[in-house]
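Thanks for coming, everyone. Let me put the structure up, and then I'll take one residue and one interface.

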Amino acid sequence: MNVSGLVVTLCGDPDRAERAAAAVAAAGPFTLGPRLGSRLTVALEAADDRAGAEWFDWLGRVDGVVKADVAFVHFDPGEEVDHA
Amino acid sequence: MPELNRREFVRSSALAAALALAQRQEAEGADVPPPRTELPVISGAKWHKAPCRFCGTGCHVQVAVKDKKVVAVAGDRQADVNKGMLCVKGYHVGQILYGKDRLTTPLLRKKGELVPIKWEEAIDLIAQRILKAPARFAFYGSGQWTVTEGYAVNKFMKAGLSNNNVEPNARLCMASAVTGYVSTFGVDEPYNCYDDLDHADVVILWGNNPAEMHPVLFSRLIDRRMRKEKVTLIDLCTRRTRTSEQADHVMVMQPQGDLAIANCIAYQLVHDGAYDKAFVEKHCNFRGDAKPRTLLGKPITFEEYKKALADYTPEKASKLSGLSVKELKLLGELFADRKKKILSLWCMGMNQHTQGTAINNLVHAVHLLSGHFGKPGDGPQSLTGQPSACGTVRETGTLCHALPGDLKVEDPEHRKKAEELWNVPAGRINDKIGHHTVLMWEKFCTPTDKGGDLDTVWVQVTNPGQSLPNLNKLFRAKKDLADKFLIVSDVYPTATTELADLVLPSSLWVEKRGVYGNSERRTQQWFEMVPPPGEARDDCWQTIAVAHRLLELKHPGMKDKDGHFLFRMTDDRKQEVEVWKWENYYGKVNVDERLYEEYRQFTKIKHKDVAPYSVLVNERGLRWPVVEDDGKWKETRYRFVEGHDPFVKKGTGLQFYHSVTKDDKALIWFRPWIAPPEMPDRDYPLWLDTGRVLEHWHTGTMTMRVPQLRRAMPRAYVEVSRDDASELGVRTGDLVKVQTRRGELTLPAWVDGRGKCPKGHLFIPFFDESLLCNLLTLEAHCPFSKQPDYKKCAARLSKVSPRRKE
């Protein structure tokens, strides 16, 4: 399971921006955090790297989304390295 | 122990990181909204403030705690230092508490194996050992000690055992900055603060790599550029780094070239009549080396100074430094321009240097000579690597020659003052300087019958088995000496605990109360938030417990003049609280506060007044001196500057009130270029340089246990230039052997990797416990600061084998 922290920038048109925010909220793998103006903070939980990349691409195609930036990435805890 | 909900923790961390980035992006817009300080809502969790556990920047974090576990970390948007930003290490700082192999019980080595024992036995063992030979005992601590941890050890050793063998690992990181400040201004620590980053027109980096080592501070410079401000960055380096990628001018110098560069700038200022004559006449005297050389040298005239600089024309300095004449002239012209504000920053490149004091003196000198001093954005500022090298080591005096409050053991007036404040009999403090770090470990690793006059060393909060130079000589030699006893208080097994005879499990970061002091004189406080695991206990408690056991064993030094225990603490009814018993340590009295307030009295002696504990509780740190004015506690952004520093006499403008020459003036030094003790030759034709990487904190004991950081940088490597690699037939990933006169190491090569070395230069980061680069380094040190030079020794490189196919 991969987890990413993203900042999604919404467009200036309020209606399109609200529809975009609703679409992101409704999509399965996203958890919404606080919103700052035109920016949504989002956690994306995907099954693996490939799924994460596909959902990231999906975000970019949502009408009303200007761009998405990656702030944080976490890899699958099942792959945790044993220091000992 | 209940399972940590990893998913919830990670999701919360992801949202916190996104929030910080979103805030910054919003701030870049034309209409900047006021910062919002709300934190993510995590059901059942409470947020608390703390400074980050890692570097000397001193970022403030908010820590979310739920069910006695840290569940999230966010940058603190109310903090001046970082304004909500964190670096990649800071975002993961909460995870350092939860490595699988935390030490949880005292361990004693019996027949080669570490076996669990009780705390009572461990404390008694240490006390008996000290009692048997108190003069042969030494304490080795850290710039990661909290203020009270360091202060308690200093009091225990110097006021209790009359023993000055207390040293910190900060001897290895900022001792040259200390001697540089003391011999220039008469007192330690930067006069300025991080506000300079927001005002400088030109920033000169003297051998440091802030893009990786102080990334949050570096981002303040880059952010200004994103706001279309003109900030010229000059990277004076021995190899190109991530910092170089942002620099306007990258000037790759030869190792030790900095001495010639600084003197050349001074030469140009004087030769061209471009120095600030009025400033120099009003505020400075000139100083040069005495014979033999001493820290404070001797007075020289301006004419003598000018004559000494004659060997540093751009043409001559070019040969010594490796910079071109054009580059040297550019630097000279910059300093001659009074209209520009110039900030010089430095860290290990200048401090870990066999002429570390000298180069610190010289960088101060070019600023004083040119008048680039005393205004926001205009001055020299050293940066510290550790979170409390300033607050603990430099300010509480955990050095073999020092006392709290910048006092010195060799000064009878200083000893008298300290004895009064500690309420111990006159003569209790030993007047002889103890062993500095390199000497301490050399003595410990030398057989007793061959002059090894230390047989017990207690290490707290540091990892000398990985961080000391020339490890075979200064650490590993202990293995064959049966009568030497090593005590290590730590949180994880390390290269040091491998040779320990007694291992004590310690609390880490927010598992205890603490106070830290960062690079810009900012004292920061936090409370304990989560319990330590198993039987781990605070390092300060361990020190007090041993002191009390010594009291029970009738060591006279554990009593003060009134016959009371050195660490006596009473409650509101004046009843003694037995804080040496763990069950009482977080009980009726706040031990941290009591010791801090006792220490605070020392800080008033040399105008380094720190804020009261009760005030720090409500702040994101305050920069000393902090004085009360009209009912409010006010911090000081710029020392020695009228209008900022409350101790500066009105009308003086600038007053160096602890001046070496006792006339309120600073010293402009001349110190010559002197070759390093080991340079490349026919047998060892390459320079070896060592340092750090963004992802890991120092020896990696904490960060290598954070999976994300370990995955990002899993192993050490040796950076090799493309030219050297080509000559040897080496490609990235190939195994190579690096040899010096002290040892050898086989590790993978990285050709033109993250850092790009010039031909003849190698670089190895020191975070990897499985690849100890300090087997190779040299313990030669600055004659005044005693700080070793990790940046320059002679090495050779050979190919071992190509990497395996994936």
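A term to begin with: buried means under 20% relative accessible area, exposed means over 50%, and partly exposed lies in between, with a 1.4 Å probe and protein chains only. This is a predicted model, where local features need pLDDT of at least 70, side-chain atom pairs count only at pLDDT 80 or more, and totals for chains, interfaces and linings use all residues. Residues are numbered from 1 along each chain as written, chains are lettered from A in the order written, and side-chain values use heavy atoms, without hydrogens or water.

So, Asn192(B): buried or exposed? Buried, because its relative accessible area is 0%. Asn192(B) sits in the loop between helix H5 (175-185) and strand S8 (202-206) of chain B. Helices (H or I, at least four residues) and strands (E, at least two) are DSSP runs, numbered from the N terminus.

What does Asn192(B) touch? Contact means heavy atoms within 4.5 Å. Beyond neighbours within four places in sequence, its contacts include Gly379(B), Arg521(B) and Tyr638(B). The side chain of Asn192(B) also reaches the backbone oxygen of Pro380(B) at 3.1 Å.

Now the interface. Here, 34 residues of chain A contact 26 residues of chain B. Three salt bridges cross between chain A and chain B, each a side-chain nitrogen of Lys or Arg within 4 Å of a carboxyl oxygen of Asp or Glu. Glu45(A) and Arg7(B) form a salt bridge at 2.6 Å, N to O. Strands S1 (2-10), S2 (30-36), S3 (39-46) and S4 (65-74) of chain A each supply at least two residues to the side touching chain B. S4(A) gives the most, seven residues.

Technical notes. A polar contact is a pair of N or O atoms within 3.5 Å; within protein, one must be able to donate a hydrogen and the other to accept it, and residues adjacent in sequence count only if both atoms are side-chain atoms.
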